[in-house]
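Hi everyone, thanks for making time today. Have the sequence and the model up on your screens, and we'll walk through a few spots together.

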Amino acid sequence: MGDGSSLQNNGSNNKQKKRKKKSSSNKKKKNKMTGEQSYAAKSVNEWVSLDSPTSIVSSSSSIDDFGFQLKSCGNRIADKLVFELHSHSICSDGFLSPTALVERAHRNGVKVLALTDHDTISGIPEALEAARKFGIKIIPGVEISTIYTSRGESGAEEPVHILAYYGSSGPKRLDELETCLAYIREGRYHRAKSMLSKLNNLNMPLKWEHVTKIAGNGVAPGRLHVARAMVEAGHVENLKQAFNRYLYDGGPAYSTGNELHAEEAVQLICRTGGFAALAHPWALKNPLAIVRRLKEAGLHGIEVYRSDGKLAAFSDLADTYDLVKLGGSDYHGRGTHDESDLGSVNLPVMAVHAFLKVARPIWCDAIKDILQNFVEEPSESSLERLTRFGKVRNLKAGITMNCNMDVIDMCLSSWLTNDERKGTDFEALSLKLSRLDICQSGIQVPVSSR
């Protein structure tokens, strides 16, 4: 009887060992990169590492359900390469400065941060400067306010926000983009005054000076600034109440400004060398019709991934219209418990790779145009524009620089991968740029013909 009990126990132990072994095997299999995922991770990491040397991910690296690891570290799991593609600073309606936003992103493990303030790119230079301290890569971005109007339905319209993502060189045709954004920002002032007028009629008076003080010097006031003024004046208990009762789309105190038509904004982004994505489609009344129209205008992507994991319907919509699936926290720094934090939306490695696979050729074309304009007009002003988003903006004035060494090696090495730089177009531009000298007194050409 004792022998039977022993055999039974041994059999039970063997089954438990087999289950543990199978569970461990399944876990390893789950964490093991497929060949496609490994290639995607290497490709993404190569781009992220352009302006800061890091180890390229190896084929033996592990991966979880979302995100991916930079490299294997023995038995220690390396940090995930976290992309945050939707964030705001005090340059629009956020609560943190671009510097503070970057610092928070760093604390949260974010490696790539897109600053996408509403209708302005004014915070990008400060974000770039702060990001250099932490080894964070900045994607210059902007969230453009637009209006969608239904065809054949008089007066049927709703606000739509379009995200624009630009490469490390920034937008091409920068003047056109900034002119359009300035027009929208001007409308935000008229819009805020209209909201205050409507609130006054609802027996909730607010002072214009109060709203502009909250917005900050030179910042176009938005709904959030009006909502904050309502809270401080005691008209509502909190921001959520201000929006839910008065400032929501079509609400009793809602107003519109100088917003572009949604299709126009997408076309503007495409003309200026950007990747266009539809922001928070779950907030739209008629996302299907809007996506269909914007795809016709050139839309590249759509936000699908959220911190709450709700993505199925919009993932299907992205598949239907062949749109890249993106996502971000839409972080403003309000400090409320219901706000998603920076880096909280986990993007699968394949989604990040798909984003860059579409965006990189667009950004490369923008770099070609920017460099070509510099070659055609090699002035100090065009140099300053060329380096506005690049590392050479930190070079000290008064130092004689050769374009081949400084502009190409410092700018292009941080903008392009080796394969991209080997293209015939860039080799031809490099040859033209190598004949220019940049000195304190201006641009002199060419060196070889003196």
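Let's begin with Leu326, which is buried, at a relative accessible area of 2%; buried means under 20% relative accessible area, exposed over 50%, and partly exposed in between, using a 1.4 Å probe and protein chains only. Before going on, please note that this is a predicted model, where local features need pLDDT of at least 70, side-chain atom pairs count only at pLDDT 80 or more, and totals for chains, interfaces and linings use all residues. Residues are numbered from 1 along each chain as its sequence is written, and side-chain values use heavy atoms, with hydrogens and water left out.

Leu326 sits in strand β10, residues 324-327. Helices (H or I, at least four residues) and strands (E, at least two) are DSSP runs, numbered from the N terminus. And what is Leu326 in contact with, leaving aside its neighbours within four places in sequence? Its partners include Leu85, Tyr165, Phe275, Ile302 and Phe355, where contact means heavy atoms within 4.5 Å.

Now to helix α6, residues 208-215, where Val211, Ile214 and Ala215 are buried. They lie on the same side of α6 because they cover an arc of only 100 degrees around the axis, the arc being that of the directions from the helix axis to the C-beta atoms. These buried residues pack against α5 (174-201) and α7 (223-232). On the face turned away from that buried side, you'll find the exposed residues Glu209 and Lys213. Just after α6 comes Gly216, with a positive phi of about 100 degrees.
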